[in-house]
Amino acid sequence: MSKSTPETKFDIPPELRGQVSITTLDRIYNWGRRSSVWPMMFGLACCAIEMICTAASRYDLARFGMEVMRPSPRQSDLMIVSGTVTKKMIPQIVRLYNQMPEPKYVLAMGACASGGGPFKEGYNVVSGVDKFIPVDVYVPGCPPTPQALLHGLISLQKKIDAQSIKTVRWYDKNVESDEIPIPVLGPDLMDPREYDRIRQYTQEKLQKQQAAAEAAASENGGPND
């Protein structure tokens with residue numbers, strides 16, 4: 001009798017058992033990607049110390065194929081945003097994200113990167129990096145422990161395992177370039193995607209101010225009285 005594997009349900013002849021393995025294209029493709037995720041080597045604040053600690057020999061990221069932290073975004077698969085994201089830093093983060101090749105993932109490490117942390121609503125802090133770039137995995141904590149980061153990386157591997165070549169965005173011919181506009185740091189942080197809304201708000205505010213000035217002038221009998 002032949003034996004079928006639980007993953008594929010294909011029968012393997014007895015003489016080929018132990019010599020031939022049958023799997024799906026998605027499974028072998030995802031296995032290759034999940035086992036060689038290269039994080040980008042940069043840190044922002046105190047969470048970066050925990051990330052460095054995770055890369056030490058005690059926790060052994062090499063078990064997951066993630067020990068090669070690349071100094072270039074063009075050679076990286078994973079951006080670990082570890083620490084407080086300031087308004088001065090988010091344009092550089094978006095620029096690095098745009099330079100990463102597909103497939104690429106983002107892990108928000110710590111409370112600051114996930115939602116602003118204790119500095120939420122601060123004058124110079126972004127309330128979560130997900131307001132500008134898509135985040136795949138959130139790791140809570142202030143700061144999170146190396147074990148928490150390992151759990152986040154394992155969660156990312158599970159997400160990769162569930163993906164299919166038929167549905168991922170980087171193989172979709174109908175999807176246009178997903179390059180994110182780089183925010184502009186001026187009097188405040190401005191997202192180029194919000195320019196139309198900002199312009200409309202400014203014009204409406206100016207019109208209200210002009211109408212209020214004209215109403216005040218008419219109540220006082222005109223500017224010449």
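At roughly what angle do the axes of helix H2 and helix H5 cross? This is a predicted model, in which local features need pLDDT of at least 70, side-chain atom pairs count only at pLDDT 80 or more, and totals for chains, interfaces and linings use all residues. Residues are numbered from 1 along each chain as its sequence is written, and side-chain values use heavy atoms, leaving out hydrogens and water.

**View 1. Helices H2 and H5 cross.** The axes of H2 (residues 47-54) and H5 (residues 146-161) cross at roughly 75 degrees and come within 9 Å. The two helices are therefore roughly perpendicular (65 to 115 degrees). Here you can find Glu50, Met51, Cys53 and Thr54 of H2 in contact (heavy atoms within 4.5 Å) with Pro146, Leu149 and Leu150 of H5.

**View 2. A closer look at Cys53.** Leaving aside residues up to four places away in sequence, Cys53 touches Tyr59 and Pro146. Thr145 is 92 residues from Cys53 in sequence, yet their C-alpha atoms are 9.0 Å apart.

**View 3. The largest pocket.** Its volume is about 280 Å³. Among the 14 lining residues, Lys87, Lys131, Phe132, Asp188 and Leu189 are the closest to the pocket centre. Strand E7 (189-190) and helix H6 (195-219) are the elements that each give two or more residues to this lining.

Methods:
On a 1 Å grid over the protein atoms alone, a cavity is a set of points where a 1.4 Å probe fits but cannot get out, and a pocket is an open set with protein on both sides within 12 Å along at least five of seven lines; lining residues have an atom within 4 Å of a point. Grid points are joined across faces, edges and corners, and a volume is the space filled by probe spheres set on the points. Helices (H or I, at least four residues) and strands (E, at least two) are DSSP runs, numbered from the N terminus. Axes are lines fitted to C-alpha atoms, for helices over the stretch in contact, and angles run from 0 to 180 degrees between N-to-C directions. Angles under 35 degrees count as roughly parallel, over 145 as roughly antiparallel, 65 to 115 as roughly perpendicular and the rest as oblique.
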